[in-house]
Amino acid sequence: MRKDTSPPPSIPTTTTTISKLLICFETKPLIATFITLILVMLIWNLPPYYQNLYSTITTVTLPCSAATTTAPTLLNSPQLAQQKYSSAVSPPPTDPNKRTFQVYGNAAALFVQMGAYRGGPTTFAIVGLASKPIHVFGRPWYKCEWISNNGSSTRAKAYKMLPDWGYGRVYTVVVVNCTFPSNPNLDNSGGKLILRAYYNESPRNFEKFTALVEEPGSYNESKYHSPYQYDYLYCGSSLYGNLSAARTREWIAYHAWFFGPRSHFVFHDAGGVSPEVRAVLEPWVKAGRATVQDIRGQAEFDGYYYNQFLVVNDCLHRYRHVANWTFFFDVDEYIYLPDGNTLESVMNGFSNYTQFTIEQNPMSSMLCLNDPSRDYSTEWGFEKLLFRDSRTGIRRDRKYAIQARNAFSTGVHMSENVTGSTLHKTETKIRYYHYHNSITVHEELCRKYVPPSAKKGITWFNKRPYVYDDNMKKLVNTIKEFERNTIGDVHVLS
């Protein structure tokens with residue numbers, strides 16, 4: 001039963017309690033803020049450790065599936081973290097003359113994969129980069145394994161190729177060929193290609209990863225036999241620097257006409273495809289004539305010349321069975337057929353060769369005729385640059401075309417890993433005009449003018465002899481009309 005009696009005097013006690021609570025509320029935020037700052041600083045310094053720990057955990061001691069599922073648990077283990085930190089520095093040796101060597105981090109990766117592709121019923125190619133010193137001074141090797149979705153597996157010894165001719169820097173290009181005794185996915189149940197990359201001759205020290213996955217029912221035997229999707233494929237090297245949209249526009253219009261409707265162009269953007277250049281290429285991409293791949297991530301790996309050897313090898317294998325012939329040349333170079341040759345007749349004559357090289361016609365990128373009747377600002381580059389270096393007996397870079405299905409790896413100027421023969425004596429059938437460095441000139445190309453009489457003689461410029469050559473100019477109206485009929489009017493912003 002409730003009794004309505006007055007409570008005992010407690011005002012001093014209540015006041016004291018409130019005062020303590022106020023002090024508590026003033027102190028706790030300060031402490032909480034301080035603890036939060038400490039935690040943020042700790043977390044900020046943890047990622048490098050966890051990254052290194054992850055790469056250590058996912059090495060060879062675990063199969064791929066185990067590495068994927070187990071690694072996160074190990075990363076969160078305080079005991080393992082404590083072991084990692086405590087093992088960072090070795091205890092000092094008891095003998096003062098015994099020296100120790102502490103290791104921190106890795107300078108270059110064992111393998112950096114760009115792509116992996118099936119090259120036929122029994123063969124695969126894995127294209128990537130690897131630490132150059134390991135391959136120059138060590139003996140790394142590879143092993144391939146196919147794990148089928150039906151539960152079976154088969155292994156094959158891999159064959160490695162280093163196709164960059166020693167030009168690599170921190171990284172060198174590696175193409176790994178895996179050839180099995182028979183089609184490992186014959187029942188089309190699907191599976192995955194596993195690559196073991198070994199650091200040295202020891203079979204215990206390696207990395208294991210899935211290079212390629214083939215989905216059930218995706219294997220198509222007909223892809224590896226003619227007829228192919230295209231007659232001609234262009235594999236471009238890395239596009240970098242401040243490229244001219246106007247020169248790019250002229251180049252693709254010319255070669256889209258030259259190679260015909262059964263051709264395709266693959267460009268690799270290493271930072272050179274600006275919004276203006278992209279706008280020039282986009283109509284051809286929409287028309288199905290071109291593909292632009294973003295490879296700007298290659299800049300993280302210090303290879304030769306924007307990793308162009310890596311790029312051309314990836315393109316070779318990615319499109320190995322897409323075209324009859326694959327061409328490799330640059331965007332300041334124009335393929336030309338002299339003496340009225342047709343592309344079809346020339347290529348039919350070369351069909352018994354795996355590859356052929358193409359001789360260069362080096363052009364001046366500055367000399368123009370002093371003709372007041374012409375408005376050079378409205379003319380295309382190959383319409384007004386008409387003076388060819390006439391020196392003979394010197395070695396010039398050649399470009400080439402290849403039947404990619406017969407090549408295992410390739411280079412910038414030719415392949416050294418092919419089945420079949422190579423033809424070099426081709427100058428009466430096919431050549432290329434080279435307008436060196438013109439692709440990065442945004443101002444007027446004509447910077448040195450010569451009198452009209454230069455058409456009939458030799459013009460000396462920078463101690464080199466030049467002769468008049470208007471073969472490309474004769475084609476310019478045809479190319480402009482072809483461009484209008486194919487993609488409409490083009491307005492270049494650069």
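Analyst: A term to settle at the start: an axis is a line fitted to C-alpha atoms, for a helix over the stretch in contact, and the angle between two axes is taken between N-to-C directions. The model is a predicted one. In it, helix 6 and helix 7 (residues 275–286) pack with their axes 8 Å apart, at an angle of about 20°.

User: What makes helix 6 roughly parallel to helix 7?

Analyst: Angles under 35 degrees count as roughly parallel. The angle here is about 20°, so helix 6 is roughly parallel to helix 7. Helix 6 passes helix 7 in a right-handed crossing.

User: Which residues of helix 6 and helix 7 meet?

Analyst: From helix 6 they are Ala245, Thr248, Arg249, Ile252, Ala253 and Ala256. From helix 7 they are Glu276, Val277, Val280, Leu281 and Trp284. By class, this contact of helix 6 with helix 7 has eight nonpolar, one polar and two charged residues.

User: Why are helix 6 and helix 11 called roughly perpendicular?

Analyst: The range for that term is 65 to 115 degrees. The axes of helix 6 (residues 245–259) and helix 11 (residues 476–487) cross at roughly 90° and come within 9 Å. Helix 6 and helix 11 are therefore roughly perpendicular to each other.

User: Which residues meet where helix 6 and helix 11 are in contact?

Analyst: Arg249, Ala253, Tyr254, Ala256 and Trp257 in helix 6 meet Thr478, Ile479, Phe482 and Glu483 in helix 11. Six residues of this contact of helix 6 with helix 11 are nonpolar, one is polar and two are charged.

User: How do you know that threonine 357 counts as buried?

Analyst: Buried means under 20% relative accessible area. Threonine 357 has 1% relative accessibility, so it counts as buried. Threonine 357 is placed in strand 13 (residues 355–363). Leaving aside neighbours within four places in sequence, its contacts include Arg398, Tyr400, His413 and Leu423.

User: Why is arginine 278 called partly exposed?

Analyst: Partly exposed lies between the 20% limit for buried and the 50% limit for exposed. Arginine 278 has a relative accessible area of 34% and is therefore partly exposed. Arginine 278 lies in helix 7. Leaving aside neighbours within four places in sequence, arginine 278 is in contact with Val273 and Val292. Arginine 278 and arginine 249 are 29 residues apart in sequence and 10.0 Å apart in space, C-alpha to C-alpha.

User: What makes helix 8 mostly covered?

Analyst: Of the 11 residues of helix 8 (residues 308–318), 10 are buried. Among them are Phe309, Leu310, Asp314 and His317.

User: What makes a set of residues a nonpolar core, and which members of the largest one touch the most other members?

Analyst: The members must be buried, of listed nonpolar types, and joined through side-chain atoms within 4.5 Å. The largest such core has 65 residues, of which Trp251, Tyr254, Phe259, Phe267, Phe327, Phe356 and Phe382 touch the most other members. Helix 6 gives the most to this core, with eight residues. A second, separate core of 20 residues includes Trp146, Leu193, Leu195 and Leu212.

User: How many helices and strands does the chain have, and how much of the chain counts as buried?

Analyst: The chain has 11 helices and 23 strands. Of its 494 residues, 45% count as buried.

Notes: Residues are numbered from 1 along each chain as its sequence is written. This is a predicted model: local features need pLDDT of at least 70, side-chain atom pairs count only at pLDDT 80 or more; totals for chains, interfaces and linings use all residues. Side-chain values use heavy atoms; hydrogens and water are left out. Axes are lines fitted to C-alpha atoms, for helices over the stretch in contact, and angles run from 0 to 180 degrees between N-to-C directions. Helices (H or I, at least four residues) and strands (E, at least two) are DSSP runs, numbered from the N terminus. Angles under 35 degrees count as roughly parallel, over 145 as roughly antiparallel, 65 to 115 as roughly perpendicular and the rest as oblique. Contact means heavy atoms within 4.5 Å. Ala, Val, Leu, Ile, Met, Phe, Trp, Tyr, Cys and Pro count as nonpolar, Asp, Glu, Lys and Arg as charged, and the others, Gly among them, as polar. Buried means under 20% relative accessible area, exposed over 50%, partly exposed in between (1.4 Å probe, protein chains only). A crossing is left-handed if the near helix is turned anticlockwise from the far one by less than a right angle, and right-handed if clockwise.
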